[in-house]
Amino acid sequence: MDITLIFDFFPKLISYLHITLLILVAAVAIGLVIGVVIALIRIYKVPVLNRLAFIYISFMRGTPILIQLFLIYFGLPALLTLVHIDASRANPLLFVAITYGLSCGASFAEIIRGAINGVEKGQAEAAYSIGMNEKQMMVRVILPQALVIAFPNFANSVIGSLKDTSLAFTIGVMDMVGRGNTLIATSLHALEIYLTLSMIYYGVVICLEKGFSLSEKKLQRFEGSLSAEK
Amino acid sequence: MIQLRNIQKSFGNQPVLKGIDLTVKKGEVVSILGPSGSGKTTLLRCINFLERPTEGEVMIDDITVSSQKGSKKEILTLRKKTAMVFQQYNLFRHKTVIENVMEGLIVVQKNSKETARKLAMEVLEKVGLTEKANAYPVQLSGGQQQRVGIARALALNPEVILLDEPTSALDPELVGEVLEVIKRIAEEGITMIIVTHEVSFAKDVSDYIVFMDQGEIVEEGTPTVIFNNPKEERTKRFFKRINREAGILESNLSSVI
């Protein structure tokens, strides 16, 4: 093993970090939209949709992300040909974004649902008592507090997703791992390359954790003195 | 004017209110007294439909909402005529003191931010909390939080303020400041319905006393009549017990009365 090779591989690999981050940002954005919608469907127990939402969450939780990735990659174009849309040459990044978005959506939905239920009942009553309608109550009083409650779990889930993106290369996305694989094929220094990759992922996760913990403090400023009292 | 007609409420098979009729005139302060579990709080919550009555109707001014037929829109209209002060304060935790008071003014009454801020400051002045305007609820004492709760209700300039045991969750030494604020706004001629355990306070501040037990009104009348000359055995027994426990209460209230 040649440790110094890490310095060689590091710039080559990190130049693909933006692909990884792009997948993550897309997944989180899609996931947030799906998550809030599904959480509300489940909270208000919307008929039929509630049932579907339950199945969706249960399926996403119960199957490995790698299998989901293949299901979307092969399944979506197959579905689309039924309506005469050719998706066989679409950018694999698109399929990755959809898969990870759906996966994030399922976990965010449960996190947000738990958080909404975690907001004190008195908050909704206070909102109603001053004459707010249901939507105003939800948007102005419950959701802002629920998102703060949800934040730590949300942060964990995002970090998990970042690591999951390392599977995107399996459908041909050229991210850091994809680039790593081509480097292994040409250089035969697998260990050094995986070491480098682990350092990059670890570094990014540490940065994310720092960022999340800072924003958590900022978000929870109104809880501040409460936790200090405890 | 507020009128409750034959308000009944059951939780499952358990009847909690057995047909309450009550009329409150504009500017009147009505206190509802009674032992725990008598249905006082449920009655109060039926007035703004936080609990939907099983039977009966609520009339405030020109709007009447009936228990079963009352639509969402009617209930909303009814709620816009009322405001409530909660036992557990229920301030919006994610908003500062002034934002709590401004919220209804902006979102429900559609005032501009500047107008809302001005009105909110005036009300905070009344409850003596202008210097805490930018604090978050968790940074305040219970008494201060409840004064914000009162300010939030008062700011909306409602037809009636419903106060649900406003001092029951407070440490004894903080009760006085809250009662003082309630007394001050009572003197301004704001209509209030107060559910309370503070008997001497009720005597002092109310125009009318309602004594409830087991889901019905046992006796009602002016404080003089109810306190000096109760007719019903249940009322007499209640006051006898309260008087025995009143030692601590009196010392708290001496500052107010």
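How many nonpolar, polar and charged residues does the lining of the largest pocket have? I began my notebook with this, keeping in mind that I was looking at a predicted model.

**Entry on the largest pocket**

I looked up the volume and found that the largest pocket holds about 410 Å³. Its lining is made up of 15 residues, and those closest to the centre are Tyr128(A) and Glu134(A) from one chain, with Phe49(B), Leu50(B) and Arg79(B) from the other. I then asked which elements give two or more residues to this lining, and I noted α6 (121-129) of chain A together with α2 (72-80) of chain B. The largest share comes from α2(B), which supplies five residues. As for my opening question, I counted by class and wrote down seven nonpolar, one polar and seven charged residues.

**Entry on the largest cavity**

I listed its lining as Met1(B), Ile2(B), Val24(B), Lys25(B), Lys26(B), Ile60(B), Glu159(B) and Thr191(B). Sorted by class, that lining has four nonpolar, one polar and three charged residues.

**Entry on chain A**

I checked the record for chain A, where an unreviewed UniProt entry places the feature "transmembrane region" at residues 16-41, 53-74, 94-116, 137-155 and 183-208. For residues 94-116 of chain A I noted 100% helix and 0% strand, and a distance of 31 Å between the end C-alpha atoms.

I also followed helix α5 of chain A, which runs over residues 92-118, and I saw that its 27 residues reach 39 Å from the first C-alpha to the last, close to the 39 Å expected at 1.5 Å a residue. At the N-terminal end of α5(A) I found a cap, Asn91(A), whose side-chain oxygen lies 2.9 Å from the backbone nitrogen of Leu93(A).

**Entry on two positive phi values**

I reminded myself that most residues other than glycine have a negative phi. Val48(A) is a residue other than glycine, yet its phi is positive, near 65°. I located Val48(A) in the loop between α2 (17-43) and α3 (49-62) of chain A. Is Val48(A) buried or exposed? Its relative accessible area is 62%, which is over the 50% cut-off, so I recorded Val48(A) as exposed.

Tyr89(B), which is not a glycine either, has a positive phi of about 65°, and I found Tyr89(B) in the loop between β6 (82-85) and α3 (97-107) of chain B.

**Entry on chain B**

For chain B I consulted the record again, and an unreviewed UniProt entry gives the annotation "domain: ABC transporter" for residues 2-239. Over residues 2-239 of chain B the model is 39% helix and 26% strand, and I noted 27 Å between the end C-alpha atoms.

Last, I looked at Asp62(B), which sits in the loop between β4 (55-60) and β5 (63-66) of chain B. With a relative accessible area of 67%, Asp62(B) is exposed. I also noted that Asp62(B) and Gln8(B), which are 54 residues apart in sequence, are 22 Å apart in space from C-alpha to C-alpha.

How values were computed
Residues are numbered from 1 along each chain as its sequence is written. Chains are lettered from A and ligands numbered from 1 in the order in which they are written. This is a predicted model: local features need pLDDT of at least 70, side-chain atom pairs count only at pLDDT 80 or more; totals for chains, interfaces and linings use all residues. Side-chain values use heavy atoms; hydrogens and water are left out. Helices (H or I, at least four residues) and strands (E, at least two) are DSSP runs, numbered from the N terminus. Buried means under 20% relative accessible area, exposed over 50%, partly exposed in between (1.4 Å probe, protein chains only). The expected span of a helix is 1.5 Å times one less than its number of residues. A polar contact is a pair of N or O atoms within 3.5 Å; within protein, one must be able to donate a hydrogen and the other to accept it, and residues adjacent in sequence count only if both atoms are side-chain atoms. On a 1 Å grid over the protein atoms alone, a cavity is a set of points where a 1.4 Å probe fits but cannot get out, and a pocket is an open set with protein on both sides within 12 Å along at least five of seven lines; lining residues have an atom within 4 Å of a point. Ala, Val, Leu, Ile, Met, Phe, Trp, Tyr, Cys and Pro count as nonpolar, Asp, Glu, Lys and Arg as charged, and the others, Gly among them, as polar. UniProt positions are given in the numbering used here, feature names are shortened, and annotations may be inferred rather than shown by experiment. Grid points are joined across faces, edges and corners, and a volume is the space filled by probe spheres set on the points.
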